[in-house]
Amino acid sequence: MARTIDQQIADAQAKLARLKTRQKASDTRRKIIVGAIVTTEALKDPKISRWLATTLRKNATRDVDQKEIAGLLADLDARAQSAGAGEA
């Protein structure tokens, strides 16, 4: 039995919704991977620590986001300051 145009449209919309969901999941995984790598490197390198702390303070403007990263910012600041104390 031939499908109607409405059925074909519904199928195409359902497929599009599935693809958008997969795309969002892929984007989220990519952000997690990049964030983990950048954070790890920043906690090793004072120069990256300073850059990341500055970037986060500039771009994380919502209160809920600022609260979430407060501990990380403290760690980054400590690492950045350790370079001034003779560590590198």
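1. Leu 43 counts as partly exposed, because its relative accessibility is 35%, and the class lies between buried (under 20% relative accessible area) and exposed (over 50%), as found with a 1.4 Å probe on protein chains only. The structure is a predicted model in which local features need pLDDT of at least 70 and side-chain atom pairs count only at pLDDT 80 or more, while totals for chains, interfaces and linings use all residues. Residues are numbered from 1 along each chain as its sequence is written, and side-chain values use heavy atoms, with hydrogens and water left out.

2. Leu 43 sits in the loop between helix H1 (5–42) and H2. Helices here are DSSP runs of H or I with at least four residues, numbered from the N terminus. Although Leu 43 and Asp 75 are 32 residues apart along the chain, their C-alpha atoms are separated by 7.4 Å. With residues up to four places away in sequence not counted, Leu 43 touches Ser 49, Asp 75, Leu 76 and Arg 79, contact meaning heavy atoms within 4.5 Å.

3. Which residues does Ser 49 contact, leaving aside its neighbours within four places in sequence? They are Ala 42, Leu 43, Leu 76, Arg 79 and Ala 80. Ser 49 belongs to helix H2 and is buried, with a relative accessible area of 0%.

4. Arg 79 is part of helix H3 and is classed as buried, because its relative accessibility is 13%. The side chain of Arg 79 reaches the backbone oxygen of Lys 44 at 2.7 Å. This is a polar contact, that is, a pair of N or O atoms within 3.5 Å; within protein, one must be able to donate a hydrogen and the other to accept it, and residues adjacent in sequence count only if both atoms are side-chain atoms.

5. Helix H2 has 14 residues, which at 1.5 Å a residue should span 20 Å; the end C-alpha atoms of H2 are 20 Å apart, in agreement. The expected span is 1.5 Å times one less than the number of residues.

6. The buried residues of H2 are Pro 46, Ser 49, Leu 52 and Ala 53. They lie on the same side of H2, because they cover an arc of only 120 degrees around the axis; the arc is taken from the directions from the helix axis to the C-beta atoms. The other side of H2 carries the exposed residues Lys 47, Trp 51, Thr 54, Lys 58 and Asn 59. As a general rule, an α-helix has 3.6 residues a turn, so residues three or four places apart point the same way.

7. The largest nonpolar core consists of 7 residues: Ala 42, Leu 52, Ala 53, Ala 60, Ile 69, Leu 73 and Leu 76. At least two residues of this core come from each of H2 and H3, and H3 gives the most, with 3 residues. Such a core is a set of buried Ala, Val, Leu, Ile, Met, Phe, Trp, Tyr and Cys residues joined through side-chain atoms within 4.5 Å. Ala 60, one of the core residues, touches Asp 65, Gln 66 and Ile 69, not counting residues up to four places away in sequence.

8. How many salt bridges does a search of the whole structure find? There are 6, each a side-chain nitrogen of Lys or Arg within 4 Å of a carboxyl oxygen of Asp or Glu. In one of them, the side chains of Arg 57 and Asp 77 meet at 2.6 Å, N to O. This pair links distant parts of the chain, with Arg 57 in helix H2 and Asp 77 in helix H3, 20 residues apart. Arg 57 is partly exposed at 44% relative accessibility, as is Asp 77, with a relative accessible area of 26%. Salt bridges that share partners also join Asp 27, Arg 30 and Lys 31 into one network.

9. Lys 44 and Glu 41 form a further salt bridge through their side chains (3.4 Å, N to O). Glu 41 is partly exposed, with a relative accessible area of 35%.

10. Arg 62 lies in the loop between helix H2 (46–59) and helix H3 (63–84). Is Arg 62 buried or exposed? Its relative accessible area is 52%, which means that Arg 62 is exposed. Arg 62 and Thr 4 are 58 residues apart in sequence, and their C-alpha atoms are 48 Å apart in space.
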